[in-house]
Amino acid sequence: TPSPLASYLKALGILRVLSRQFPEAQAKGYWRDNAFVLVAACDAEALVEFFLRRYEPAPLVAPWNGGSGFHPKDNAKAIDAIATSSLATFATYRDTIAAARSALTSLGLSEKPEKEAKEKLLLRCRNTFSETALEWLDSAFVLTE
């Protein structure tokens, strides 16, 4: 449904993922009776197969935040599971985690960085993340005045 906002955003996210990663599905969507309707040039089985086998999650990491899985006191279970996964669909995510860890190490950061160190970390990430990971970083921060 379009309400709450999170449900609306999930529907848009699915449409975005399909249009970028499964363009042959020719996905389109609309709202009818407060429900999102997905129209695609494939059947439900092909969509399930895509999400199970081909979908590549956006590499959203935040090594500049406490609780992100990158610092000693954080719960790193999810980050570690992705970083050690051998699934091809997590390759970009693994590379982004490695780049984030490398940035932290190169700057000597073992705790959540504060103001100046955070800016340095963000710039280091900006210079080392893949184009895919930069989409997230650029939507989360403005690094110039």
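I started with the strands: β1 (residues 28-32) and β2 (residues 35-39) pair in the antiparallel sense over 5 bridges. For the record, two strands pair if DSSP finds at least two bridges between them. Helices and strands here are DSSP runs numbered from the N terminus, helices being H or I with at least four residues and strands E with at least two. This is a predicted model, in which local features need pLDDT of at least 70, side-chain atom pairs count only at pLDDT 80 or more, and totals for chains, interfaces and linings use all residues. Numbering runs from 1 along each chain as its sequence is written, and side-chain values use heavy atoms, with hydrogens and water left out.

Which residue of β2 is the bridge partner of Arg-32? I looked it up, and the partner is Ala-35. The hairpin of β1 and β2 has 2 residues between the strands, and Asp-33 there takes a positive phi near 50°.

**Positive phi**

Most residues other than glycine have a negative phi. I noted two residues with positive values. Asp-33, in the loop between β1 and β2, has phi near 50°. I then checked its cover: Asp-33 is exposed, with a relative accessible area of 75%. My cut-offs are under 20% relative accessible area for buried, over 50% for exposed and partly exposed in between, with a 1.4 Å probe and protein chains only.

Gln-26 also has a positive phi, near 50°. I found Gln-26 in the loop between α1 (5-21) and β1. Gln-26 is exposed too, because its relative accessible area is 52%.

**α3 against α4**

Next I took helix α3 (residues 77-84) and helix α4 (residues 91-106), whose axes come within 8 Å and cross at roughly 120°. Axes are lines fitted to C-alpha atoms, for helices over the stretch in contact, and angles run from 0 to 180 degrees between N-to-C directions. The crossing of α3 and α4 is left-handed, a term used if the near helix is turned anticlockwise from the far one by less than a right angle.

Which residues meet there? I listed Ile-79, Asp-80, Ile-82 and Ala-83 from α3, against Tyr-93, Arg-94, Ile-97 and Arg-101 from α4. They divide into 5 nonpolar, no polar and 3 charged. Nonpolar covers Ala, Val, Leu, Ile, Met, Phe, Trp, Tyr, Cys and Pro, charged covers Asp, Glu, Lys and Arg, and the others, Gly among them, are polar.

Leaving aside neighbours within four places in sequence, Ser-85 is in contact (heavy atoms within 4.5 Å) with Phe-90 and Arg-94.

Asp-95 sits in α4 and counts as exposed at 53% relative accessibility.

**Whole chain**

The protein chain has 6 helices and 2 strands, in the order α-β-β-α-α-α-α-α. I get a C-alpha trace of about 50 × 35 × 25 Å along the principal axes. Buried residues make up 29% of the 145 residues.
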